[in-house]
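Please read these notes with the sequence and the model open beside you. They are numbered so that each can be checked in turn.

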Amino acid sequence: MSCGCTSNPFSLQFNTPLSLPNNAQKKRVLPRVSKAVAYYGLKTPPYPLDALEPYMSRKTLEMHWGEHHRNYVEGLNKQLAKDDVLYGYTLDELVKVTYNNGNPSPEFNNAAQVWNHDFFWESMQPGGGNMAELGVLEQIEKDFGSFTNFKEKFIEDALTLFGSGWVWLVLKREERQLAIIKTSNANNPIVWDDIPILCLDMWEHAYYLDYKNDRAKYVNAFMDHLVSWDAAMARMARAEAFVNLNEPKIPVA
């Protein structure tokens, strides 16, 4: 699973070199580094902005990714520039530390929204939808009874989410099973140590240009035509490195 951040490139700020006496003018003087500022970049979706049409328009991507997502990144960077304590964290780490055990710091909303949006773009693909395959399908059938049951519950939870937020398919570590959870505003399941597999953005700006107030049409379009089961399989494979989903195999004597 991608952390959703850049490799923290650096911007260097230099002091103005000091004036030198005449007899030292020929000596080379290097500028003194006063501060190194880490920043997060706006991550590009893994497909052209018109690749999800007609189910999600280029106009929506230009507004949602190009404006809303960008604003979260820029807001986060402005906050971090004022707080050296948060310097050097990966985006995953930053989300967890700013959540502060349920007492979020001001940086949390921007950090979590950057993470959530990176993950959301990668939860879709051109020609997506249809049905899960291989290990993901097997685990869904085990934990929800059938793929149909899972799909119906995911859609129901999305449509009953109050206000703005997100719907997630996650792997719960302790229970060792998949679950669907809803989060409000910017909240993110990694703060509870769940492992996200898929997510759907249920903020109004995610669907209004294409679907107006018809949230059901938007959610069904996501499930039928946009969701990336390829991404889900890759994330599930990584999750299984941390969570053993199989019963121990006892050697036959």
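1. Terms for exposure come first: a residue is buried under 20% relative accessible area, exposed over 50%, and partly exposed in between, with a 1.4 Å probe and protein chains only. This is a predicted model, in which local features need pLDDT of at least 70, side-chain atom pairs count only at pLDDT 80 or more, and totals for chains, interfaces and linings use all residues. Residues are numbered from 1 along each chain as its sequence is written, and side-chain values use heavy atoms, with hydrogens and water left out.

2. Asn101 is exposed, because its relative accessibility is 75%. It is not a glycine, yet its phi is positive, about 55 degrees. Asn101 sits in the loop between helix H2 (91-99) and H3; helices (H or I, at least four residues) and strands (E, at least two) are DSSP runs, numbered from the N terminus.

3. Asn185 also has a positive phi, near 55 degrees, and is a residue other than glycine. Its place is the loop between strand S4 (177-184) and S5. Asn185 is partly exposed, at 46% relative accessible area.

4. The peptide bond from Glu53 to Pro54 is cis, with omega near 5 degrees. Pro54 belongs to the loop between S2 and H1.

5. How many salt bridges does a search of the whole structure find? The search finds 6, where a salt bridge is a side-chain nitrogen of Lys or Arg within 4 Å of a carboxyl oxygen of Asp or Glu. One of them joins Lys43 and Glu122, at 2.9 Å from N to O. Lys43 lies in the loop between strand S2 (33-38) and helix H1 (58-80), and Glu122 in the loop between helix H3 (108-121) and helix H4 (134-144), so the pair ties together parts 79 residues apart in sequence. Lys43 is partly exposed, at 24%, and Glu122 is partly exposed, at 21%.

6. Lys151 and Asp224 form another salt bridge, with the closest N and O atoms 2.5 Å apart. This pair links distant parts of the chain, Lys151 being in helix H5 (residues 147-159) and Asp224 in helix H7 (residues 215-226), 73 residues apart.

7. The salt bridge between Glu62 and Arg58 (2.8 Å, N to O) lies within helix H1, where the two residues are 4 apart and separated by about one helical turn. An α-helix has 3.6 residues a turn, so residues three or four places apart point the same way.

8. Asp118, in helix H3, is buried yet has no salt bridge, and the nearest side chain of opposite charge, Lys43, is 5.4 Å away. For charge, Lys and Arg count as positive and Asp and Glu as negative, while His and the chain ends are not counted. The side chains of Asp118 and His69 are joined by a polar contact of 3.4 Å. A polar contact is a pair of N or O atoms within 3.5 Å; within protein, one must be able to donate a hydrogen and the other to accept it, and residues adjacent in sequence count only if both atoms are side-chain atoms.
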